[in-house]
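Here is a friendly walk through one model, written to be read with the structure open beside it. Please keep the viewer handy as you go.

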Amino acid sequence: MTASAASVPATPEQTTDAEKQELEAQILDAIDRWVEREVRPIAREFDQADRYPAELVEQMKELGLFGATISTEYGGLGLSASTYAKVVSRICEVWMAPTGIFNSHLIMANCVERAGTEAQKAHYLPKFATGELRGGIGLTEPNAGTDLQRIRTTARRDGDGYVINGTKTWITNGIQGNCLAVLVKTDPTAEPPHKGMSMFLCEKGPGFTVGKKLKKLGYRAIDSAELVFEDFRVTEDHLIGGEEGRGFQQAAGGLELGRINVAARGAGMARGAMKLAVAYAKERETFGKPIAQHQAIQLKIADMSTRAEAAKLLVEEAARKFDTGQRCDLEAGRAKLFASEAAVSNATDAMRVFGGYSYSTEYEIERFYRDAPLMCIGEGTNEIQRIIIAKQLVAQS
Ligand SMILES: Cc1cc2nc3c(=O)[nH]c(=O)nc-3n(C[C@H](O)[C@H](O)[C@H](O)COP(=O)(O)OP(=O)(O)OC[C@H]3O[C@@H](n4cnc5c(N)ncnc54)[C@H](O)[C@@H]3O)c2cc1C
């Protein structure tokens, strides 16, 4: 594999709509070329071997993906959520897992850009944008995922800093990353508990170790890890925003963009599975004609296409609203819910179209079938999305 990633142009602050569209077309073109040249040829092999795609990571740095949504003033590409979602979808049409390498990282960066002190923004964001520092977010613990107020990791005040103790699990980029935004309790006795929660930027060092690499059904080649903090010391300037008690809101504040990310992944996978199924249905013949000409197969193709397109439109709507600066948890929740379920349904329908070959690791479709369900879990499970959507609608009516 050669390092041939074309660089993606940054988005200047002042641009007309026509210039923005032109720029977006250039960006997507660069991504499409990279995906075809570098991602598609290795996807099956790296997924099956659960091997980290280190060369892709170097190319992502060249493309600027580690700074995709970071403002240009800090060295990022300054992409809107709308353009970023399209980038993510294009990659996921072929292989979802590599987007996890920069998605989680950008949620950490977004947290710093939104809630960090000026000193934290100046120090971290340029390093995040180049990928010199990269990682993700550490919220989940063995006993607490959805119910984050039950986490047990603590940061105890000690001199001019804090001492962190606890265990995080399922952390994307936990092994290959070198910096993570970690949710802790600075006041474990606070009531309600979220008032005693804070986020710290933790760079790997003594006391911050990887417990184990987790084995997974899908989303392979990307590291998911348990992380252990044992008397891990940080100075107080690692506390995001410089004030205790804001961690829960800071974590929740990243969820809108996070959900748009996951929705974009789902929409891309829904389309990717459909494309694989259509191509196969045109090639495979039974009873003297391509199976694409059998009505039973056509019905599946129509359903897959409709789901993929609806998912794409919901993602676009949520991203557009996010870009206006308006609250969009309803739209992001709907997009995440629908697009992730569309990915699962399309992967399942595509498996039917492939018949026995769907079960072979020689074909790409089985990877979609293993990868898609994760989209229903990450960034708030789909059960929780439904609750958020319903609560918003009831409150509005
Ligand atoms: C591959 C992978 C990567 C991940 N990456 C990260 C990461 O980078 N960082 C990170 O912090 N976490 C990460 N996670 C963790 C993920 O965010 C959690 O798994 C998720 O939030 C769900 O938490 P849980 O697994 O503890 O499930 P639980 O919270 O135990 O939920 C179990 C079930 O109960 C349902 N449920 C829970 N509460 C309610 C309720 N009030 N009403 C109705 N239903 C409810 C849930 O929807 C679910 O169906 C990752 C997980 C995976 C599998």
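## Domains

The chain is divided into domain 1 (3–130), domain 2 (135–248) and domain 3 (250–396), with bounds that come from an automatic or database domain assignment. Before going further, please note that this is a predicted model, in which local features need pLDDT of at least 70, side-chain atom pairs count only at pLDDT 80 or more, and totals for chains, interfaces and linings use all residues. Residues are numbered from 1 along each chain as its sequence is written.

Between domain 1 and domain 2, the C-alpha centres lie 24 Å apart. Their contact takes 21 residues from domain 1 and 20 residues from domain 2, where two residues are in contact if their C-beta atoms, placed from the backbone, lie within 7 Å. On the domain 1 side, the elements giving two or more residues are α1 (17–49), α4 and α5; α4 gives the most, with nine residues. Helices (H or I, at least four residues) and strands (E, at least two) are DSSP runs, numbered from the N terminus. By class, this side of domain 1 has twelve nonpolar, six polar and three charged residues. Here Ala, Val, Leu, Ile, Met, Phe, Trp, Tyr, Cys and Pro count as nonpolar, Asp, Glu, Lys and Arg as charged, and the others, Gly among them, as polar.

## Around the ligand

Which residues come nearest to the ligand? Of the 22 residues around the ligand, they are Leu139, Gly145, Thr146, Thr172 and Thr381; a residue is near a molecule or strand if its C-beta atom, placed from the backbone, lies within 6 Å of it. Elements that give two or more residues to this shell are β1 (135–138), β3 (161–172) and α11 (382–396).

Domain 2 and domain 3 each supply at least three residues to the shell. Its make-up by class is nine nonpolar, ten polar and three charged residues.

## Helix pairs

Helix α4 (residues 99–115) and helix α5 (residues 118–130) have axes that come within 10 Å and cross at roughly 160°. Axes are lines fitted to C-alpha atoms, for helices over the stretch in contact, and angles run from 0 to 180 degrees between N-to-C directions. The α4 helix is therefore roughly antiparallel to α5 (angles under 35 degrees count as roughly parallel, over 145 as roughly antiparallel, 65 to 115 as roughly perpendicular and the rest as oblique). Their crossing is left-handed, a term used if the near helix is turned anticlockwise from the far one by less than a right angle, with right-handed used if clockwise. In this pair, His105, Ala109, Val112 and Glu113 of α4 meet Gln120, Lys121, Tyr124, Leu125 and Phe128 of α5.

Helix α7 (residues 255–283) packs with helix α8 (residues 295–323) at an angle of about 155°, their axes 9 Å apart, so α7 is roughly antiparallel to α8. The contact of α7 with α8 has 21 nonpolar, two polar and four charged residues. Helix α9 (residues 329–354) packs with α11 at about 145°, also with axes 9 Å apart, and α9 passes α11 in a left-handed crossing. Four nonpolar, five polar and five charged residues make up the contact of α9 with α11.

## Backbone details

Which peptide bond is cis? The bond from glutamate 191 to proline 192 is, with omega near -10°. Proline 192 sits in the loop between β4 (179–185) and β5 (197–203).

Asparagine 173 has a positive phi of about 70°, although it is not a glycine. Look for asparagine 173 in the loop between β3 and β4.
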